[in-house]
Amino acid sequence: MFTGLMASITVKDQDQARDWYTKVFEREPDATPMRGLLEWHFGSEFGIQVWAEPQRAGCSTAVIGESDLDARAARLAAAGIDHGGPQPGGGQRILQIADPDGNRIVFSGK
């Protein structure tokens, strides 16, 4: 049985990614366990890792459940993160954004 999940996103520039993901997640990383790695923890057993790995950057996608998609869209817009607003998708609504390397973050909710 699976008990947790840590999604990994690869980026070119760790400093640029830290700034961008700090805006998106509205806080600094929870851990920096090694050079080139940032982690945001959203529960005891799940989170997002952001790896500085330039040769693989820009090919990641993470889908994150969101309890209030409209509020998330407003906070992202206020932080200067461009998006097209919540859209229908997969029987729910989704809000898609892309980091500076082109990695896709999809928030899903009702």
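These legends describe close-up views of a predicted model.

**View 1. Four strands form an open sheet.** The strand order is β1-β4-β3-β2. The pairing in this sheet is mixed. β1 (5-11) and β2 (31-34) are the edge strands. Each of these two pairs on one side only. On average, neighbouring strands of the sheet are turned by 25° against each other, direction ignored.

**View 2. Strands β1 and β4 run parallel.** Strand β4 covers residues 46-52. The two strands are joined by 7 bridges. Look for Leu5: its bridge partner in β4 is Phe46.

**View 3. Helix α1 packs on the sheet.** The helix spans residues 14-25. It touches β1, β2, β3 (37-43) and β4. The direction of α1 makes about 15° with that of β3.

**View 4. Strands β6 and β7 form a hairpin.** β6 holds residues 87-89, and β7 holds residues 92-98. The strands run antiparallel, with 3 bridges between them. Pro88 stands opposite Arg93 in β7. The hairpin has 2 residues between its strands. Gly90 lies in the turn, with a positive phi of about 65°.

**View 5. β7 also pairs with strand β8.** β8 runs over residues 104-109. The pairing is antiparallel and has 6 bridges. Which residue of β8 is the bridge partner of Arg93? It is Gly109. The hairpin of β7 and β8 has 5 residues between the strands. In this hairpin, Gly102 takes a positive phi near 95°.

Note on methods:
Residues numbered from 1 in each chain as written. Predicted model: local features only at pLDDT ≥ 70, side-chain atom pairs only at ≥ 80, totals over all residues. Heavy atoms only, no water. Pairing = 2+ DSSP bridges. Axes fitted to C-alpha atoms, helices over the stretch in contact; angles between N-to-C directions. Contact = heavy atoms within 4.5 Å.
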